[in-house]
Amino acid sequence: MGLIIRDNAESASSYVADYIVDRITSFSPTQTRPFVLGLPTGSSPLGIYKSLVEKYKAGLVSFENVITFNMDEYISLPPTHPQSYASYMHDNFFSHVNIPPQNINLLNGLAPDLAAECSRYESKIAAADGIDLFLAGLGEDGHLAFNEPGSSLASRTRVVTLAEDTILANSRFFDDDVDKVPRMALTVGVKTVLEAKEVLMIVLGARKARALKKCVEEGVSCMWTGSALQMHERAIVVCDEEAAGELRWKTVKYFKSIEHRESGPDHSPDQSLPIRNDLGASQTNLKTAAGPLTPESTPKATATHTSSSPISPVAETAPTLLTTSFDADQSPVYTSLEKEILAQPVPKSHGLLGLLGTSSFPPIESATRHSREPSRARSHSHSQSDGHASDGDSETESEYIDLEPDRMASRLSDAAFAAEALRRLTPNPEEGRR
Ligand SMILES: O=P(O)(O)OC[C@H]1O[C@](O)(CO)[C@@H](O)[C@@H]1O
């Protein structure tokens, strides 16, 4: 999952609008090969729709060969109701662009058989050969479409009961009267969204900060269904600074650094947008924890491995960035980012050394304590004084600080090998001072 952080809602929305326009134009849709776009409602996408309408009016994009599927609709509101999502889409987008009415797909919250309506919708998505790009928002309770906390991550289009949090949040569109908010809705499922070829999620404002943190920094959970995007190979979350307000500094720094490293001082942030490549299909400059994929950073002659498994944005970074490509002399070909990582000092962690595959190991150290008996005594007296039970063998981290040559080396049968082992061991600096 990639994360793009912009200063404010306007620049985040314009990033997304540029992205969508680029995807549609590079796809070059035709009547027989239309571009299929999934769409959300709510306050978050308003700036995106405004920008898309402007771009259409400026002749930068056409929706003539675009098919849309909206993600959700309230049950019981007629399409003409000002707060129905059908009205919302008509007012904010469809009536301003050249999309043919037959290309618009909306869930009908008044259908006599709601279950049949949901199956019809899934079949229609399948008949359109799936959704190319699903634009999504995020609820304050972390919902993706109307997949409220507890929704199955394998769910499909269905009838749902809205959560109290959502009813409260959406009451602002119903004269602040919670009683006017419908209690039920139709929504595409989490799996329906995950099956899209690409997902872009817009998250704006401080009231989404907690949900964004849950979805980006914590595990995939049915209690925060937006977190399911971690399982998608082509998912990007675009947020503003306010929504990013509860993310860890490490997370923000990491994702910003990917963008900056990619674009560099001479490149505009537009370099982060999808770029059409000469293979015919449009290729997206995705920001993943395994590094961005761009035609520039992925020369055709080389193969760059990017993991398709969910990757924590916070934890492991460097090991996943190593390119597995080689030039004619079988020497590894590294990107500038990888060269930068490889130039960094080798961490003094034995666990990472193996992953880095370097031969410059630091001297072998033994974790054997200088003397076990005094340590036991310390541990024992400590456990007695603080009143906690102890088996008398507990070992605290501080007890491991004193290192000495591994005495086991002297027991090696091969004398030359033992001498070499002893020579390479690091003596305990305290030893000499005693
Ligand atoms: O942007 P808002 O108004 O906070 O709504 C969040 C999300 O909730 C929904 O309204 C319900 O799915 C989405 O369409 C929207 O993305």
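Modeller: Two residues are in contact if their C-beta atoms, placed from the backbone, lie within 7 Å. This is a predicted model, in which local features need pLDDT of at least 70 and side-chain atom pairs count only at pLDDT 80 or more, while totals for chains, interfaces and linings use all residues. Residues are numbered from 1 along each chain as its sequence is written.

Colleague: Which elements do the buried residues of α2 pack against?

Modeller: Helix α2 spans residues 46–57; helices (H or I, at least four residues) and strands (E, at least two) are DSSP runs numbered from the N terminus. Its buried residues (20 or more other C-beta atoms within 10 Å; exposed, 12 or fewer; partly exposed in between) are Gly-47, Ile-48, Tyr-49 and Leu-52. They pack against α1 (9–27), α3 (85–92) and β9 (199–203).

Colleague: Which residue takes a positive phi just after α2, and of about what value?

Modeller: The residue is a glycine, Gly-59. Its phi is positive, at about 80°.

Colleague: Is Ser-76 buried or exposed?

Modeller: Ser-76 is found in the loop between β4 (72–74) and α3, and its phi is positive, near 90°, although it is not glycine. Because 12 other C-beta atoms lie within 10 Å, Ser-76 is exposed.

Conventions. Expected span 1.5 Å × (residues − 1).
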